[in-house]
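Me: I'd like to learn how to read a model with you, feature by feature. Could we begin with the ligands and then walk along the chain?

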Amino acid sequence: MTDQLTPLDDRIQQYLEAAERIAQGDTAVELPVSPNDEIGQLGLKILDFAWDLERRTRKEQVLAEIVASINDGLLLTDILEKVYESFKGIIPYNRIGLSLIEEGGIVRAYWAKTDRPVMQLGTGYSASLEGSTLQTIIETGQPRILNDLQAYLEQKPGSHSTGLIVKEGLRSSLTCPLFVAREPVGFIFFSSASPNTYTDEHVDTFVRIASKLSVIVEKGRLTSELAAQKEAVERQNKELEKLNELKNTFLGIAAHDLRNPLSTILLASEMLVDDTFEIDENEQKMLLGDIQLQTNYMLKLIDDLLDVTMIESGKLDLDLEPLDLPDFLISAVKRHARLAAAKDISITYQPGDPADILADSRRLRQVIDNLLSNAVKYSPPGSRITVHARVDGRMCWIGVTDEGPGIKPEESPQLFEYFSRASSRPTGGEKSTGLGLAISRRVIDAHGGKIGFESEVGRGSTFWFTLPLNH
Ligand SMILES: Nc1ncnc2c1ncn2[C@@H]1O[C@H](COP(=O)(O)OP(=O)(O)OP(=O)(O)O)[C@@H](O)[C@H]1O
Ligand SMILES: [Mg+2]
């Protein structure tokens with residue numbers, strides 16, 4: 001008897017030592033086990049116990065890691081990024097997805113990570129909750145296991161999202177609802193490339209962490225909402241600042257550029273009214289001409305300022321109508337020919353392709369008038385101006401070419417900004433406010449065209465714009 005007991009005693013001693021080590025947290029024990037006798041079976045039980053303990057410890061570690069991340073103030077997606085690998089210790093998967101329920105009952109994929117080579121169902125994918133199986137999951141409040149996605153898809157070929165997941169090579173899934181204060185807020189999807197991956201044990205594990213995850217989903221949602229609101233307020237502030245700056249510039253311009261002509265008008269009218277100035281008919285005509293000139297200038301300036309106000313408050317509405325482009329350009333040339341002739345400048349219209357465009361004729365006249373008046377204003381006497389147009393694909397291209405001073409390259413970036421005046425100065429004492437090109441750019445933008453220029457200092461410029469053809 002005692003001879004037989006000795007080897008048994010040996011095993012018992014080893015089992016006692018193993019139990020001691022397991023109690024101290026060291027679960028990596030090796031034991032002689034055999035199912036053939038009771039002591040051998042005891043060894044198997046001890047090993048089982050060690051493995052189970054190890055698994056539980058790992059699970060607790062992951063949970064502790066998630067809780068620590070929550071306490072660190074991380075957002076849910078950051079937490080998922082962080083624990084994506086270690087999560088595997090408690091729930092198996094090849095992919096985790098997070099979708100949130102948006103207002104209006106839309107479920108939108110918000111975050112996903114996979115070890116599969118392709119991702120078919122990416123962030124941004126959205127579907128309606130109404131009538132979907134996700135809605136059933138919310139109603140039962142319980143996670144759902146699908147252990148054969150291919151069979152499920154055959155039954156429900158209309159399930160678009162399942163189709164995408166199967167295309168990614170996934171075969172089973174565990175879908176877990178997230179609730180905050182009993183309100184459904186989203187879902188976490190665990191998916192695996194092997195069928196039959198999920199069991200009730202995984203559901204139990206998820207339920208243990210669900211409430212914590214839900215809280216961070218809500219926190220994340222509030223944080224991003226706050227961030228979006230902050231961004232919107234900052235954007236508004238910037239716009240207001242810009243408008244305020246513009247308003248101040250306006251006041252400056254109005255004070256300065258309206259004051260001078262008003263003084264001239266006042267002086268001229270005083271001379272006309274006061275009998276002590278004995279002025280003849282010719283001088284009277286000259287004074288009235290001055291008054292007319294200054295009044296016109298003030299009217300144009302006020303119109304421009306009103307236009308800027310309208311454009312900047314987003315109220316530039318176009319009144320589109322079909323327009324015969326050659327006719328339109330010929331009348332523009334005629335309007336400017338007289339002022340140009342006074343400076344011995346010629347303006348020629350070079351006939352090009354016939355073209356019909358869809359445009360707001362009043363607004364477009366503003367653009368061509370500014371380009372032509374600029375060409376006349378900044379060109380030296382005796383030079384030539386040409387207006388030409390051609391069809392270029394679906395657009396029409398219109399250019400005004402002059403032989404003026406050109407634009408210095410370093411001045412070109414600001415040319416289309418409000419109140420920007422370049423170093424080229426009027427050659428006939430004309431007024432220059434720096435609004436024409438800025439207004440023209442907004443008008444052409446609103447028509448769906450482009451505006452720009454090519455220029456060579458000392459040789460001249462071509463200011464051009466494009467407009468969509470009327471088909
Ligand atoms: N054809 C041109 N040749 C040389 N310089 C030009 C030409 N057209 C415009 N510029 C320069 O660009 C600046 C901006 O032109 P813009 O038409 O916006 O304003 P402006 O002519 O000064 O004033 P406004 O058009 O408001 O009466 C001008 O001040 C001028 O310096
Ligand atoms: Mg101008």
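**Reading the ligand sites**

Reply: Happy to. A nitrogen atom of ligand 1 sits 2.8 Å from an N or O atom in the side chain of Ser-424, and that is a polar contact, meaning a pair of N or O atoms within 3.5 Å (within protein, one must be able to donate a hydrogen and the other to accept it, and residues adjacent in sequence count only if both atoms are side-chain atoms). Before we go on, note that this is a predicted model, where local features need pLDDT of at least 70, side-chain atom pairs count only at pLDDT 80 or more, and totals for chains, interfaces and linings use all residues. Residues are numbered from 1 along each chain as its sequence is written, chains are lettered from A and ligands numbered from 1 in the order in which they are written, and side-chain values use heavy atoms, with hydrogens and water left out.

Me: Which backbone atoms lie beside an oxygen atom of ligand 1?

Reply: A polar backbone atom of Ala-422 is 3.0 Å from an oxygen atom of ligand 1. For Leu-435, a backbone N or O atom lies 2.8 Å from an oxygen atom of the ligand.

Me: How much of ligand 1 does the protein bury?

Reply: Accessible areas come from the Shrake-Rupley method with a 1.4 Å probe; for residues, only the protein chains shown count as cover. Taken alone, ligand 1 exposes 590 Å², and the protein buries 98% of that.

Me: Which elements give two or more residues to the shell around ligand 1?

Reply: Helices (H or I, at least four residues) and strands (E, at least two) are DSSP runs, numbered from the N terminus. Here the elements are helix H10 (361-378), helix H11 (436-446) and strand E13 (460-468). H10 supplies the largest share, 4 residues.

Me: How many residues surround ligand 1, and which are the closest?

Reply: A residue is near a molecule if one of its heavy atoms lies within 4 Å of it. There are 21 residues around ligand 1, and the closest are Asp-402, Ser-424, Ser-432, Leu-435 and Leu-437.

Me: How many residues of each class does that shell have?

Reply: For classes, Ala, Val, Leu, Ile, Met, Phe, Trp, Tyr, Cys and Pro count as nonpolar, Asp, Glu, Lys and Arg as charged, and the others, Gly among them, as polar. The shell around ligand 1 has 7 nonpolar, 10 polar and 4 charged residues.

Me: Which residues coordinate the magnesium ion?

Reply: Donors are N, O and S atoms within 2.8 Å of the metal (3.2 Å for Na, K and Ca); water is not among the atoms, so sites may look incomplete. The magnesium ion, ligand 2, is coordinated by OD1 of Asn-370 and OD1 of Asn-374, at 2.2 to 2.3 Å.

Me: How far apart in helix H10 are Asn-370 and Asn-374?

Reply: An α-helix has 3.6 residues a turn, so residues three or four places apart point the same way. Asn-370 and Asn-374 are 4 residues apart in H10, so about one helical turn separates them.

Me: Are those two asparagines buried or exposed?

Reply: Buried means under 20% relative accessible area, exposed over 50%, and partly exposed in between (1.4 Å probe, protein chains only). Asn-370 is buried at 11% relative accessibility, and Asn-374 is buried at 13%.

**Along the chain**

Me: Which residues of helix H4 are buried?

Reply: In H4 (residues 133-140), the buried residues are Leu-134, Ile-137 and Ile-138. They lie on the same side of H4, because they cover an arc of only 100° around the axis; the arc is that of the directions from the helix axis to the C-beta atoms. Exposed Glu-139 and Thr-140 are on the face turned away from the buried side of H4.

Me: Where is Asn-196, and is it buried or exposed?

Reply: Asn-196 is in the loop between strand E6 (183-192) and helix H7 (200-273). Asn-196 is exposed, with a relative accessible area of 60%. Its phi is near 55°, a positive value in a residue other than glycine.

Me: Where is Phe-419, and is it buried or exposed?

Reply: Phe-419 lies in the loop between strand E11 (395-401) and H11. Phe-419 counts as buried, at 14% relative accessibility, and its phi is also positive, near 55°.
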